[in-house]
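Look through the sequence and the model shown here. The report that follows covers some loop residues, a pair of packed helices and the nonpolar cores.

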Amino acid sequence: MIEIKQNIAVIRKRILVACNRSGRPEEAVKLLLATKTVPAENIRIALEAGETLVGENKVQEVKSKYDFLKTIPHETHFIGHLQTNKVAEILKYATCIQSVDRMSLVQKLDQQLLKEGRSMDVFLQVNTSNEASKFGADPSEIHSFAREVSRYDTLKVRGLMTIGLFSAEEEKVRECFRLLREIKLELVEEQLPNFTLEELSMGMSGDMETAIEEGATLIRVGTAIFGQRSYPDSYYWNEDKEVR
Ligand SMILES: *Cc1c(COP(=O)(O)O)cnc(C)c1O
């Protein structure tokens, strides 16, 4: 499967070009492999090629791939919708939850982390595209949400995450990323406890250049590295939508 390595090289080149164009150093942008539905064998190829950051959307998938990948040093972030009843399980595997989007989840994470006597890195997910089908805190509520989250010492808020609008109109996609960056700047001003906010997780296979131009520090790329998935993304983004 030499293809995966070649695809990664292409993505690394795209990161470099986008960074050059926006006057940012290449090291300012981390690459996270978005590996939903990707077999562990293929993830292994990417890790052996030097990648170190994996993002999964389903607790069950993280679990089933764990044994095969555990001997290769890497970090797993959780980037999918997290049900509160899966919190204890995912904390065994993930070093960061990028999809913290509601107080019921914050409370559950806090409970479990207190039990384990530790803290954890999280990102707050913001629904910048205003699409009902996507998860994430509403931009109009993000400030009050952030203030509430800052009261929990178990959660270290390292950044914000968003999924941009799915659209061929680049300007509309860019607006989503710009909004996330603005929210970050506003929250930095507030100097909330437990917030460091060094990361902006935004940009995927189709819109990574736009995201980098708008300040992304972490892009999440799946399709452009591992090929098309057989499941539609709605399978990952719509099911089990909990009532807030
Ligand atoms: C699937 C997924 C990605 C990667 O999307 P691609 O278009 O395959 O690059 C990024 N972020 C999240 C949250 C995802 O679920």
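In this predicted model, Asn130 sits in the loop that runs between strand S5 (120-125) and helix H6 (142-149). The phi of Asn130 is positive, near 60°, and the residue is not a glycine. Exposed means over 50% relative accessible area; Asn130 has 63%, so Asn130 is exposed.

Thr37 is another residue other than glycine with a positive phi, about 65°. Its place is the loop between strand S1 (30-34) and H2. Thr37 has a relative accessibility of 27% and therefore counts as partly exposed, since that class lies between the limits of 20% and 50%. A positive phi also occurs at Gly50, which follows H2, with a value near 115°.

| Residue | Phi | Location |
|---|---|---|
| Thr37 | about 65° | loop between S1 and H2 |
| Gly50 | near 115° | after H2 |

The next topic is the packing of H2. Two packed helices are described by the angle between their axes and by the distance between those axes. For helix H2 (residues 40-48) and helix H3 (residues 59-69), the angle is about 50° and the axes are 10 Å apart. The two helices are therefore oblique to each other. The crossing in which H2 passes H3 is right-handed. On the H2 side, the contact is made by Ala40, Glu41, Ile43, Arg44 and Leu47, and on the H3 side by Lys65, Phe68 and Leu69. Sorted by class, this contact has 5 nonpolar and 3 charged residues, with no polar ones.

An α-helix has 3.6 residues a turn, so residues three or four places apart point the same way. Which residues of H2 are buried? They are Ala40, Asn42, Ile43, Ile45, Ala46 and Leu47. Among them, Ala40, Ile43 and Leu47 also belong to the contact with H3.

In soluble globular proteins, nonpolar side chains tend to be buried together. Here the largest nonpolar core has 65 residues, and Ile97 and Leu124 have the most contacts inside it. Helix H1 (residues 2-21) gives the largest share of this core, 6 residues. Apart from neighbours within four places in sequence, Leu124 is in contact with residues including Val100, Ile142, Phe145, Val149, Leu160, Met161 and Phe195. A second, separate core has 10 residues, among them Leu32, Ala34, Ile79 and Leu218.

Note on methods. Residues are numbered from 1 along each chain as its sequence is written. This is a predicted model: local features need pLDDT of at least 70, side-chain atom pairs count only at pLDDT 80 or more; totals for chains, interfaces and linings use all residues. Side-chain values use heavy atoms; hydrogens and water are left out. Axes are lines fitted to C-alpha atoms, for helices over the stretch in contact, and angles run from 0 to 180 degrees between N-to-C directions. Helices (H or I, at least four residues) and strands (E, at least two) are DSSP runs, numbered from the N terminus. Angles under 35 degrees count as roughly parallel, over 145 as roughly antiparallel, 65 to 115 as roughly perpendicular and the rest as oblique. A crossing is left-handed if the near helix is turned anticlockwise from the far one by less than a right angle, and right-handed if clockwise. Contact means heavy atoms within 4.5 Å. Ala, Val, Leu, Ile, Met, Phe, Trp, Tyr, Cys and Pro count as nonpolar, Asp, Glu, Lys and Arg as charged, and the others, Gly among them, as polar. A nonpolar core is a set of buried Ala, Val, Leu, Ile, Met, Phe, Trp, Tyr and Cys residues joined through side-chain atoms within 4.5 Å. Buried means under 20% relative accessible area, exposed over 50%, partly exposed in between (1.4 Å probe, protein chains only).
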